[in-house]
Amino acid sequence: MNRNLLDKRLRELGLYSSFYLRKEMKPLAQLLAEGEQLNCILTGVHEANRKMLAVTDRRLILIFTGALAAGEAKVIRRDGVESWEFEKKLLFSRVRLTLKDGDSYLLTNTQGSLKKLFEWAMAQPLPAETD
């Protein structure tokens, strides 16, 4: 996906002004496949680093772009998620993802204001597989 299409989708979701300058946006645009729809973005602290979690119609993408170290991205298929929870608190909201393979991801200090958007994004049906 090119950056212009990504920016357009951020505007549709009402997230453009919050995320357009984040350095994770460049790798996110490169990781999104043609036809893949971005449904939510939030940031949080995972393994002592601030990371961005992007929820698409097919995948969850956890992106870290370090200032001094090389960045990394973890891609999780949506159908590989066993359960998820968004706990909204006044200052310290968090997201927990539990995968079917037993792995778990916890993002703390997330944007509590994005709870409804995250829940909507996770509740969206997976697209039908086409051959």
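Me: In this predicted model, does Phe 118 count as buried or exposed, and at what relative accessibility?
Reply: The model is a predicted one. Buried means under 20% relative accessible area. Phe 118 falls under that limit and therefore counts as buried, its relative accessibility being 0%.

Me: How many aromatic pairs does a search of the whole structure find?
Reply: Rings of Phe, Tyr and Trp are paired if their centres lie within 6.5 Å. When the whole structure is searched, the number of aromatic pairs found is three.

Me: Is the pair of Trp 84 and Phe 118 stacked, tilted or edge-to-face?
Reply: The ring centres of Trp 84 and Phe 118 are 5.6 Å apart, and their planes stand at 90°. Planes over 60 degrees apart count as edge-to-face. The pair of Trp 84 and Phe 118 is therefore edge-to-face.

Me: How many residues apart are Trp 84 and Phe 118, and which elements hold them?
Reply: Trp 84 belongs to strand β5, residues 81-87, and Phe 118 to helix α4, residues 115-123. The pair thus links distant parts of the chain, with a separation of 34 residues.

Me: Is Trp 84 buried, partly exposed or exposed?
Reply: The relative accessible area of Trp 84 is 33%. Partly exposed covers the range between the buried limit of 20% and the exposed limit of 50%. Trp 84 is therefore partly exposed.

Me: Is the pair of Phe 86 and Phe 118 stacked, tilted or edge-to-face?
Reply: The rings of Phe 86 and Phe 118 have centres 5.7 Å apart and planes at 50°. Stacked requires planes under 30 degrees apart and edge-to-face over 60.

Me: Which residues form one aromatic cluster?
Reply: Phe 86 in strand β5 and Phe 118 in helix α4 are 32 residues apart, and their pair links distant parts of the chain. Both of these Phe residues are buried. The one aromatic cluster is formed by Trp 84, Phe 86 and Phe 118.

Me: At what distance from the ring centre of Tyr 16 does Arg 11 lie?
Reply: Arg 11 is placed over the face of Tyr 16. The distance of Arg 11 from the ring centre is 4.1 Å.

Me: Which residues are in contact with Glu 24, leaving aside neighbours within four places in sequence?
Reply: Glu 24 sits in the loop between α2 (16-19) and α3 (25-31). Its relative accessible area is 2%, so Glu 24 is buried. Beyond its neighbours within four places in sequence, the contacts of Glu 24 are Arg 50, Met 52, Ile 63 and Thr 65.

Me: With which residue does Glu 24 form a salt bridge?
Reply: The closest N and O atoms of this salt bridge are 3.1 Å apart. The salt-bridge partner of Glu 24 is Arg 22.

Me: Where do Asp 7 and Arg 3 lie?
Reply: The side chains of Asp 7 and Arg 3 meet in a salt bridge of 2.8 Å, N to O. Asp 7 counts as buried at 12% relative accessibility, and Arg 3 is partly exposed at 29%. The two residues are four apart, about one turn of the helix, and both lie in helix α1.

Me: How far apart are the closest N and O atoms of Arg 94 and Glu 87?
Reply: Arg 94 is partly exposed, with a relative accessible area of 29%. Glu 87 also counts as partly exposed, at 23%. Arg 94 and Glu 87 form a salt bridge whose closest N and O atoms are separated by 2.9 Å.

Me: Which residues are linked in a network of salt bridges?
Reply: The structure holds ten salt bridges. A network of salt bridges links Glu 47, Lys 51 and Glu 72.

Me: What is the area of the nonpolar surface patch made by Leu 90, Leu 91 and Phe 92?
Reply: Leu 91 is located in the loop between β5 and β6 (93-99). With a relative accessible area of 63%, Leu 91 is exposed. The nonpolar patch that Leu 90, Leu 91 and Phe 92 make has an area of about 420 Å².

Note on methods. Residues numbered from 1 in each chain as written. Predicted model: local features only at pLDDT ≥ 70, side-chain atom pairs only at ≥ 80, totals over all residues. Heavy atoms only, no water. Phe/Tyr/Trp six-rings, centres within 6.5 Å; stacked < 30°, edge-to-face > 60°. Buried < 20%, exposed > 50% of the residue type's maximum accessible area, 1.4 Å probe, protein only. Lys NZ or Arg CZ within 6 Å of the ring centre and 35° of its normal. Contact = heavy atoms within 4.5 Å. Patch = residues over 30% accessible without salt bridge, like charges linked within 9 Å, V, L, I, M, F, W, Y side chains within 5 Å. Areas by Shrake-Rupley, 256 points an atom, 1.4 Å probe, with all protein chains shown as cover. Salt bridge = Lys/Arg side-chain N within 4 Å of Asp/Glu carboxyl O.
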